[in-house]
Amino acid sequence: MFLLLPFNSLIVNLLGISLTVLFTLLLVFIIVPAIFGVSFGIRRIYMKTLLKIFRWATLRIERGAKEKKHPLYKPFVNGIIAKEPTSLEEEIKEIRRSGSSKALDTPEFELSDIFYFCRKGIETIMDDEVTKRFSAEELESWNLLSRTNYNFQYISLRLTVLWGLGVLVRYCFLLPLRIALAFTGISLLVVGTTVVGYLPNDRWKEFLSKHIHLMCYRICVRALTAIITYHDRENRPQNGGICVANHTSPIDVIILASDGYYAMVGQIHGGLMGVIQRAVVKACPHVWFERSEVKDRHLVAKRLTEHVQDKSKLPILIFPEGTCINNTSVMMFKKGSFEIGATVYPVAIKYDPQFGDAFWNSSKYGMVTYLLRMMTSWAIVCSVWYLPPMTRQPEEDAVQFANRVKSAIARQGGLVDLLWDGGLKREKVKDTFKEEQQKLYSKTIVGNHEDRSRS
């Protein structure tokens, strides 16, 4: 037993040296650069290396599939049904032209008109442009993550070994490192903002609060190995305004807050999230609501209006979609943020799914499972565009203004601009959507009848 003591002490010494070296590397290469907002370019080299590995693996899969005569799966990027941008009236006229002996502009209902609605219904079921926005974006290439591509099957021993090495790297090296960084960032945020909260309200407190927030969010960004490219930074949101962005994931907040200083808006939570909320609000004027207050639109609007009217307060960060979308499109913006009358600073966020799927499917994964998936992905790579500020025009209502901002974000981010409400992933289609189609069809018939009467 005594003979084992030197061996045990050697193990303890080696473990202590390893932890010291690891902590020193974290401090020198991650935490200190995060404090000063600099980067050594290690993540960029890591990203380029991964791209070369992905390219080789995909070519090897394609070659192996051809040798074994396996069909290759190709995702339907533009939908599985080819659609031409035509109106209801034009399509009904086309149906009548091919199957009716009556005049095309007859004001009467024809049985053949039913086929238009039947076809549209079947197309919607087969190629639902709403439901597919709430599933992971499909990839054409394989990124060594088995959950992102349907083409992977056993092709060769080298590919299998490469995938196994990837699992070891992601779960045995990257995951512990990222958890340590996330714990460091969150702990510093809670402690730092709590201490700053006791200082008197002056410029020194604001300066410390800003840099503590930026430092901690940058550490959290590095905990995800996030590689972010910011464009047009001269358009970053200013005090007294509202920053609106498309919403893919809870980490959207970290992505934006690591480059700017924002006041957050949200519901008060319990647990760890509640601890963080109570700490940060001491150092920065965030806008938190009780659960009972969230549904009171007038109260929410009043609190937000009071905030933006004070030009000394930070810009509010809001995601008007109200839910996470899979980063292929932008869905309907809720009009509440656009009724206030403040200057709106649009921001477009586009993730690169090759390195990891940032989309949070909240109906499928809990927060802990989602964060585990993020921390076991290769990296989070995205581009952020700050668009020029926009204000509501005199002739615009809140809905029109919201749609104009949404279109600008979709155009810049290369996303599909959809009018559907993101809440449809949990709710049924509202009757107003059905009534809209009914009115449009009715208008087509009545309009034709009025045209004939005038002639």
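Modeller: Asp 232 counts as partly exposed, at 36% relative accessibility. Keep in mind that this is a predicted model.

Biologist: Where is Asp 232 found?

Modeller: Asp 232 sits in the loop between β1 and β2 (242–245).

Biologist: And what is the phi of Asp 232?

Modeller: Near 55°. That is a positive value, and Asp 232 is a residue other than glycine.

Biologist: OK, on to Thr 225. Which loop does Thr 225 lie in?

Modeller: Thr 225 is in the loop between α6 (203–223) and β1 (226–231).

Biologist: What about the phi of Thr 225?

Modeller: Thr 225 has a phi of about 50°.

Biologist: Is Thr 225 buried or exposed?

Modeller: Buried. The relative accessible area of Thr 225 is 11%, and buried means under 20%.

Biologist: New topic, the whole protein. How many helices and strands?

Modeller: The protein has 13 helices and nine strands.

Biologist: How much of the protein is buried?

Modeller: Of its 455 residues, 42% are buried.

Biologist: And the accessible surface, what does that come to?

Modeller: About 25,900 Å². Carbon and sulfur atoms account for 62% of that surface.

Biologist: Last one. What share of contacts join residues at least 24 apart?

Modeller: The share is 77%, counted among contacts between residues at least 6 apart in sequence.

Key:
Residues are numbered from 1 along each chain as its sequence is written. This is a predicted model: local features need pLDDT of at least 70, side-chain atom pairs count only at pLDDT 80 or more; totals for chains, interfaces and linings use all residues. Side-chain values use heavy atoms; hydrogens and water are left out. Helices (H or I, at least four residues) and strands (E, at least two) are DSSP runs, numbered from the N terminus. Buried means under 20% relative accessible area, exposed over 50%, partly exposed in between (1.4 Å probe, protein chains only). Contact means heavy atoms within 4.5 Å. Accessible areas come from the Shrake-Rupley method with a 1.4 Å probe; for residues, only the protein chains shown count as cover.
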